[in-house]
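Please keep the 3D view open as you read.

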Amino acid sequence: MIQAWSVDDVRAAEERAMAQLPDGELMQRAATGLAQVVAARLPDDTSTQPLVVALVGGGNNGGDALWALAHLADLVGEPLDLVAVLTSEHRHEEGLRAARRAEVEIVDATRGGSKGGSKARRRSKALDHAVEALAVADVVLDGVLGIGGRPGLPDLVTELLEAIGADAHVIAVDVPSGVDPMGEIVGGAGVFADETVTFGCAKPVHVLGTASRCGMLTVVDIGLDLGRDHASASAARTAPAAERVDHDDVAALWPVPGPEDDKYSRGVVGVVAGGEVYTGAPLLSVTAAVCAGAGMVRYVGPPGPTQLVRAEVPEAVHGTGRVQAWVVGPGLDAHPHSWDQLGLAQVEAARRALDSELPCLVDAGGLDLLDGPRTHAGARTLLTPHAGELARLLARLDPEASGLDRERVVVEPLRWARRAADLLRATVLLKGSTTYVVPPPASGLAVRAQADAPAWAGTAGSGDVLAGLAGTLLAAGLDPVDAGSLAALVHGVAAHDANPGGPVRALEIAQQVPRTVARLLARAAEVG
Ligand SMILES: NC(=O)C1=CN([C@@H]2O[C@H](COP(=O)(O)OP(=O)(O)OC[C@H]3O[C@@H](n4cnc5c(N)ncnc54)[C@H](OP(=O)(O)O)[C@@H]3O)[C@@H](O)[C@H]2O)[C@@H](O)CC1
Ligand SMILES: Nc1ncnc2c1ncn2[C@@H]1O[C@H](COP(=O)(O)OP(=O)(O)O)[C@@H](O)[C@H]1O
Ligand SMILES: [K+]
């Protein structure tokens, strides 16, 4: 599990650590670790002298970058060209002195600045020089903003970022500048790093929807006591703000049957999906549930899709009966015409499942049947909207979200998923290239974010597969957060495994699941 701590928790842990250490020690640890990564990224070709350019902001993030350049000069036994481009009128004076001592060239890009933004900027010689250096740099260090940064960048920095050559390896110091360190705001101006070197622990920006801006992540141990499980630090222990389940977690979470198990003890999943109009969705959800290893799958639906499921999935049984969890809603028409008896009966079946005390996964049309929290307060609920469905749900139920649209959900996915989780007292799995699993805020549980699927997985029916997969895990007894995040991981990896690097159809994702699960379980056995 990759765990990330909030900026406030990191700052508190830094203070605790600093109280025990000599002045400046934490920054020295951070900068030394950073310099080691930079040294490892220098080009092998020794015919030209490597050039490292650091963009340096006015805070401690800039201090890290300056000290890293200073250490780099010592660390690499060969001659290097080192340039620090100052982007702020504030300076980290100690870092600057250290860089000067190490003969780092200092370029003050703020001198002779512009009036009225980049277009009107009269370029100073210093800025010209910085732009030229960035164009040919082998490695660029982004030390503009760290965890003290707000989303967005000054025009000067944007101009400098645009000058970075296509071949440069961009390393973000702690976090990519301009990107929200808490990962709440997705998109907007900011650095796209090839690699991020962070200190002490991961931050939310590294695991949430902003993770794609960070590239490969290295965590340098600087001795923070976040989340460490040792008795003397119990007062210092905090819960992570965000988590990501990774391949090595699958064995611990996946419900592997034992010799005493039978089809009932493994969990029966009931699927109330589709209707005479949307006949394919049930087939995909039922197939995924069977392929995920449900003890049994019951399908509840009208004759059309029932016939299809009978023909294609002989393992499924038909009609209502005892189940351990329900999947409600893929391909379900929540508002059939008054003359559509089959459609009305299907809505009735869906409502019965929602009114039960059983765990329920609620997807697509099922979401349109919700008017508030499910009646059985203790019933575990996993809602699985995509951004458009979440916007529609909140716009309907939350007066403060009236007019909410998909675009706003995409920019602030956590805010809106949290809101729905709070309002409906359910865990919300928000689907997308990053899939968020957001428990009700009152639970105090960390948000999870998975980004395991290739973009090819964004295909019609793929969400129906995810519903069957996650529903099976609910029926096996997993809580909604584990069921949702594990299902998202396996769904994404199966989409890759089914056809690495190429298109994949939803049914193939489902059919790949047995082999993907076996592979991930075997991997854990090898690692363990
Ligand atoms: N503490 C420690 O022991 C250790 C800390 N470490 C390092 O320190 C980093 C945190 O340093 P930090 O707190 O100085 O904040 P940092 O991000 O460098 O600067 C923020 C300043 O920039 C400004 N600003 C904000 N947003 C802006 C924007 N969009 N556009 C323009 N300006 C903006 C804002 O100023 P304001 O505008 O609010 O006056 C703010 O003061 C951390 O990430 C890690 O690298 C490591 O060495 C390990 C030990
Ligand atoms: N760009 C993307 N990269 C990876 N996965 C994606 C992307 N876009 C969508 N997905 C995944 O594809 C699935 C689509 O689900 P959904 O929108 O409900 O489709 P449908 O209702 O047609 O089944 C979700 O699991 C989602 O996370
Ligand atoms: K940075």
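This is a predicted model: local features need pLDDT of at least 70, side-chain atom pairs count only at pLDDT 80 or more; totals for chains, interfaces and linings use all residues.

Residues are numbered from 1 along each chain as its sequence is written, and chains are lettered from A and ligands numbered from 1 in the order in which they are written.

Which residues come nearest to ligand 2? Of the 17 residues around ligand 2, these are Lys431, Ser433, Ala453, Gly458 and Gly463; a residue is near a molecule if its C-beta atom, placed from the backbone, lies within 6 Å of it. The largest share of this shell, four residues, comes from helix 17 (residues 462-475). Helices here are DSSP runs (H or I, at least four residues), as are strands (E, at least two), and both are numbered from the N terminus.

Now turn to ligand 1. This ligand is surrounded by 25 residues, and Gly59, Asn60, Asn61, Gly146 and Gly148 are the closest. Helix 1 (7-20), helix 2 (25-41) and helix 3 (60-75) are the elements that give two or more residues to the shell, and helix 3 provides the largest share, four residues. By class, the shell around ligand 1 has 11 nonpolar, 10 polar and four charged residues.

Helix 3 also packs against other helices. Two packed helices are described by the angle between their axes and the distance between the axes. The axes of helix 2 and helix 3 are 8 Å apart, at an angle of about 55 degrees; axes are lines fitted to C-alpha atoms, for helices over the stretch in contact, and angles run from 0 to 180 degrees between N-to-C directions. Helix 2 and helix 3 are therefore oblique to each other (angles under 35 degrees count as roughly parallel, over 145 as roughly antiparallel, 65 to 115 as roughly perpendicular and the rest as oblique). Their contact has 11 nonpolar, six polar and one charged residues.

With helix 4 (residues 93-101), helix 3 packs at an angle of about 20 degrees, and the axes are 8 Å apart. That makes helix 3 roughly parallel to helix 4. The residues of this contact divide into seven nonpolar, three polar and two charged.

The end C-alpha atoms of residues 246-520 lie 10 Å apart, and the span is 46% helix and 12% strand.

Finally, look at helix 14 (residues 387-397) and helix 16 (residues 413-424), whose axes come within 10 Å and cross at roughly 50 degrees. Helix 14 and helix 16 are therefore oblique to each other. In their contact, Leu390, Leu393, Leu394 and Leu397 in helix 14 meet Trp416, Ala417, Arg419, Ala420 and Leu423 in helix 16 (C-beta atoms, placed from the backbone, within 7 Å). By class, this contact has eight nonpolar, no polar and one charged residues.

Key. Ala, Val, Leu, Ile, Met, Phe, Trp, Tyr, Cys and Pro count as nonpolar, Asp, Glu, Lys and Arg as charged, and the others, Gly among them, as polar. Two residues are in contact if their C-beta atoms, placed from the backbone, lie within 7 Å.
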